[in-house]
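Trainee: I would like to go through the labels used for this model and test each one against its rule. Can we start with the rings?

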Amino acid sequence: MGPVRTPPPAVLGAVEAAAMGLGEGSLAPRVSCLLPTGPGARFLQLPRGVVDSRAGQAAASKRDLEGERSEKGGGAVSWSWSEALTAAVTALRAGGLVAVPTDTLYGVACSACCSAALGAVYSLKGRSQTKPLAVCLGGVADIYKYCQVRVPRELLEDLLPGPVTLVMERSRELNKDLNPFTPLVGIRIPDHAFMRDLAQAFSGPLALTSANISSQPSSLNVKEFQDLWPQLSLVIDGGPIGDVKSPECRLGSTVVDLSVPGKYRIIRPGCALTQTAAILQKKYRLVPSEEPCS
């Protein structure tokens with residue numbers, strides 16, 4: 001695959017205008033979510049050296065990096081944290097598809113409230129309409145709005161943020177066009193500073209899936225999903241995730257069904273199976289189940 005392309009000046013100008021609230025892509029919520037049209041994805045490269053942690057160390061890193069933006073030898077443009085965040089929120093609220101780094105893989109996010117964007121995600125990936133999309137939220141407190149929670153809050157806080165997708169019964173607050181074939185929904189709160197800030201700034205549920213064609217290997221850097229670029233509104237380049245030579249780094253999150261009290265079922269082992277199962281069994285005395293929980 002070729003190198004990441006530098007956006008033309010006109011495109012960068014449009015992104016900067018949107019990021020500063022000067023263009024039509026302001027941060028105000030929009031009534032409609034018509035999919036944007038254009039020549040392809042814009043690229044925003046996050047400042048390097050950002051710390052991801054549950055302890056909130058990223059906040060200091062963001063302040064130190066605020067305002068940095070530079071051309072680097074004709075490569076991708078590095079934007080400040082707030083500019084990248086604002087541009088991503090703007091694109092999502094306009095109904096766009098945004099490639100994002102997470103704590104496990106690169107993903108594609110869109111507004112879970114925008115039915116047109118949800119359809120575009122399935123088209124982008126060549127994904128079966130019967131395969132659900134996960135929902136990314138900004139914090140544990142948000143889960144109670146969108147799910148029927150049947151486990152202690154402490155359990156949620158032990159696993160999230162982290163490389164785990166928790167499946168629970170959905171509430172009526174979620175868009176009925178999101179996974180209409182199931183009463184369940186998978187919740188993600190990635191342990192990644194930018195994704196957590198993005199979900200909080202967006203102030204609503206984000207549909208999230210891996211950035212790859214269905215049945216193809218998952219992506220650990222932006223070049224690996226180059227074929228998807230033309231159909232994306234924005235690509236947030238957070239650098240490589242994990243070791244590209246390690247198959248274990250491409251496993252994605254561990255998916256666990258918690259929809260039935262007292263039980264859990266592993267839907268996908270993923271990258272955090274051992275520690276997740278230990279927490280569920282030893283600390284919370286949940287019983288593993290081989291049968292679907294609902």
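**Labels and their grounds**

Mentor: Y106 and F225 are both buried. That label needs under 20% relative accessible area. Keep in mind that this is a predicted model.

Trainee: What makes Y106 and F225 a tilted pair?

Mentor: Their ring centres are 5.7 Å apart. The limit for a pair is 6.5 Å. The planes stand at 45°. Stacked needs under 30 degrees and edge-to-face over 60, so the pair of Y106 and F225 is tilted.

Trainee: Which parts does that pair tie together?

Mentor: Y106 is in strand β3, and F225 is in the loop between β8 and β9 (234-237). The pair therefore ties together parts 119 residues apart in sequence.

Trainee: How many aromatic pairs does the rule give?

Mentor: The count comes to 3 aromatic pairs. One of them is W81 with F194.

Trainee: Why is the pair of W81 and F194 called edge-to-face?

Mentor: The planes are 75° apart, and edge-to-face needs over 60 degrees. The centres lie 5.6 Å apart, against a limit of 6.5 Å. W81 belongs to helix α3 (residues 81-93) and F194 to helix α7 (residues 193-202), so this pair ties together parts 113 residues apart in sequence. W81 and F194 are both buried.

Trainee: What makes β8 largely enclosed?

Mentor: 4 of the 5 residues of β8 are buried, so the rest of the structure largely encloses this strand.

Trainee: How do you know that β8 pairs with β3?

Mentor: Pairing takes at least two bridges. β3 and β8 have 5 and run antiparallel. G107 stands opposite S210 in β8.

Trainee: And what makes β4 a partner of β8?

Mentor: Again, the threshold is at least two bridges. Strand β4 (residues 134-136) and β8 share 3, in the antiparallel sense. V135 stands opposite A207 in β8.

Trainee: What do the buried residues of α4 pack against?

Mentor: They pack against β3 and β8. Helix α4 (residues 115-125) has A117, L118, A120, V121, Y122, L124 and K125 buried. Just after α4, G126 takes a positive phi of about 65°.

Trainee: Which residues are closest to the centre of the largest pocket?

Mentor: The volume of the largest pocket is about 950 Å³. Of its 38 lining residues, R127, P132, A134, V255 and R268 are closest to the centre. The lining divides into 14 nonpolar, 16 polar and 8 charged residues. β7 gives the largest share, 4 residues.

Definitions and conventions. Residues are numbered from 1 along each chain as its sequence is written. This is a predicted model: local features need pLDDT of at least 70, side-chain atom pairs count only at pLDDT 80 or more; totals for chains, interfaces and linings use all residues. Side-chain values use heavy atoms; hydrogens and water are left out. On a 1 Å grid over the protein atoms alone, a cavity is a set of points where a 1.4 Å probe fits but cannot get out, and a pocket is an open set with protein on both sides within 12 Å along at least five of seven lines; lining residues have an atom within 4 Å of a point. Grid points are joined across faces, edges and corners, and a volume is the space filled by probe spheres set on the points. Helices (H or I, at least four residues) and strands (E, at least two) are DSSP runs, numbered from the N terminus. Ala, Val, Leu, Ile, Met, Phe, Trp, Tyr, Cys and Pro count as nonpolar, Asp, Glu, Lys and Arg as charged, and the others, Gly among them, as polar. Buried means under 20% relative accessible area, exposed over 50%, partly exposed in between (1.4 Å probe, protein chains only). Contact means heavy atoms within 4.5 Å. Rings of Phe, Tyr and Trp (its six-membered ring) pair if their centres lie within 6.5 Å; planes under 30 degrees apart count as stacked, over 60 as edge-to-face and the rest as tilted.
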